[in-house]
Amino acid sequence: MTTIYKFQFNDDCYIGSTNSPLKERVLEHYFCMGRKRCKNVRLYQYCNQYLLRRDFNKLVEVVEEFPIPLCRENRVKVEQKYIDEYKPTLNMRNAYGMKKRKKKDNNNNNI
């Protein structure tokens with residue numbers, strides 16, 4: 001099964017996708033928050049800054065599910081469709097094409 005998911009935090013959000021069970025992917029995100037090698041990941045910085053780590057698993061919602069696993073290329077195309085739609089502030093790269101995304105500054109403007 002393929003799942004496209006979203007973490008929503010007030011006006012900020014993150015879009016992701018997985019072919020693994022969503023619960024497993026959320027746990028991977030959770031454990032990465034505490035690792036030094038992940039300290040520059042925008043999603044984890046945000047969660048640590050606003051003390052969301054404890055409630056992290058409650059903040060995920062399913063955007064779309066497919067009954068069969070999609071190949072990586074199709075999965076990231078669908079994920080990119082939702083990135084384009086929601087314009088998530090916490091994604092650091094586009095899913096398809098892997099272009100870096102601009103970081104939102106404190107005035108809610110893109111740099």
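Guide: Contact, or touching, means heavy atoms within 4.5 Å. This is a predicted model, where local features need pLDDT of at least 70 and side-chain atom pairs count only at pLDDT 80 or more, while totals for chains, interfaces and linings use all residues. Residues are numbered from 1 along each chain as its sequence is written, and side-chain values use heavy atoms, with hydrogens and water left out.

Visitor: Okay, which residues does Arg53 touch, leaving out those up to four places away in sequence?

Guide: Look in the loop between α2 and β3, where Arg53 is found; helices (H or I, at least four residues) and strands (E, at least two) are DSSP runs, numbered from the N terminus. Arg53 and Tyr30 are 23 residues apart in sequence, yet 7.0 Å apart in space, C-alpha to C-alpha. With those up to four places away left out, Arg53 touches Tyr30, Phe31, Met33, Gly34, Cys47 and Asn48.

Visitor: Is Arg53 buried, partly exposed or exposed?

Guide: Buried means under 20% relative accessible area, exposed over 50%, and partly exposed in between (1.4 Å probe, protein chains only). The relative accessible area of Arg53 is 29%, so this residue counts as partly exposed.

Visitor: How far apart are the end C-alpha atoms of helix α3?

Guide: The expected span of a helix is 1.5 Å times one less than its number of residues. Helix α3 has 15 residues (72–86), so it should span 21 Å. The model agrees, with the end C-alpha atoms apart by 21 Å.

Visitor: Which residue does the side chain of Asn94 make a polar contact with?

Guide: Asn94 is in the segment after α3 and counts as buried because its relative accessibility is 16%. A polar contact is a pair of N or O atoms within 3.5 Å; within protein, one must be able to donate a hydrogen and the other to accept it, and residues adjacent in sequence count only if both atoms are side-chain atoms. Back on α3, the buried residues include Val76, Gln80 and Tyr82. At 3.3 Å, the side-chain partner of Asn94 is Gln80.

Visitor: How many residues of β2 are buried?

Guide: In a regular strand the side chains alternate between the two faces of the sheet. On one side of β2, Asp12, Tyr14, Gly16 and Thr18 are buried, and on the other Cys13, Ile15 and Ser17 are too. The strand is largely enclosed by the rest of the structure, because the buried count is seven of the seven.

Visitor: Which residue in the β1–β2 turn has a positive phi?

Guide: Together they form a hairpin with two residues between them. Most residues other than glycine have a negative phi. The turn residue with a positive phi, about 50°, is Asn10.

Visitor: How much space lies in the largest pocket?

Guide: On a 1 Å grid over the protein atoms alone, a pocket is an open set of points where a 1.4 Å probe fits, with protein on both sides within 12 Å along at least five of seven lines; lining residues have an atom within 4 Å of a point. Grid points are joined across faces, edges and corners, and a volume is the space filled by probe spheres set on the points. For the largest pocket that comes to about 500 Å³.

Visitor: Which of its lining residues are closest to the centre of the largest pocket?

Guide: Elements that give two or more residues to its lining are β2, α1, α2 and α3. Of the 24 lining residues, the closest to the centre are Tyr14, Arg25, His29, Glu79 and Asn91.

Definitions and conventions: Two strands pair if DSSP finds at least two bridges between them.
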